[in-house]
Amino acid sequence: RPVIFSELSDSMLAPLGHNSQEVIEILVKLEYQVLDLQTSLPIKQRQYEGNVIAIPNEQGMLFEKLYK
């Protein structure tokens, strides 16, 4: 499965009737780790504005090795 790079913006998603939390929840249900692209930390807050990287769980170990 692909690694996904994306910008999440509630202000851009709101006119479509959605928000960043919904996007994150969908990715988590699809078994992705969703991380802040700048800090590489999991996104915990309900509202998020910024760039994310979503990594399939099966590739998580590879990501950790690359960024340690």
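S9 counts as buried, at 7% relative accessibility, where buried means under 20% relative accessible area, exposed over 50%, and partly exposed in between, with a 1.4 Å probe and protein chains only. Please keep in mind that this is a predicted model, in which local features need pLDDT of at least 70 and side-chain atom pairs count only at pLDDT 80 or more, while totals for chains, interfaces and linings use all residues. Residues are numbered from 1 along each chain as its sequence is written, and side-chain values use heavy atoms, with hydrogens and water left out.

S9 sits in the loop between β1 and α1, helices being DSSP runs of H or I with at least four residues and strands runs of E with at least two, numbered from the N terminus. Leaving aside neighbours within four places in sequence, S9 is in contact with Y48 and E49, contact meaning heavy atoms within 4.5 Å.

D10 belongs to helix α1, residues 10–13, and is likewise buried, with a relative accessible area of 13%. Not counting residues up to four places away in sequence, D10 touches N19, S20, Q47, Y48 and E49.

F5, by contrast, is found in strand β1 and counts as exposed, at 57% relative accessibility.

A word on confidence, given as pLDDT, the predictor's confidence in each residue from 0 to 100: the protein averages 87, and 87% of the residues score at least 70. Confidence is highest in strand β1, residues 4–8, at 95, and lowest in helix α3, residues 60–66, at a mean of 62. Where pLDDT is low, the predicted coordinates should not be read in detail.
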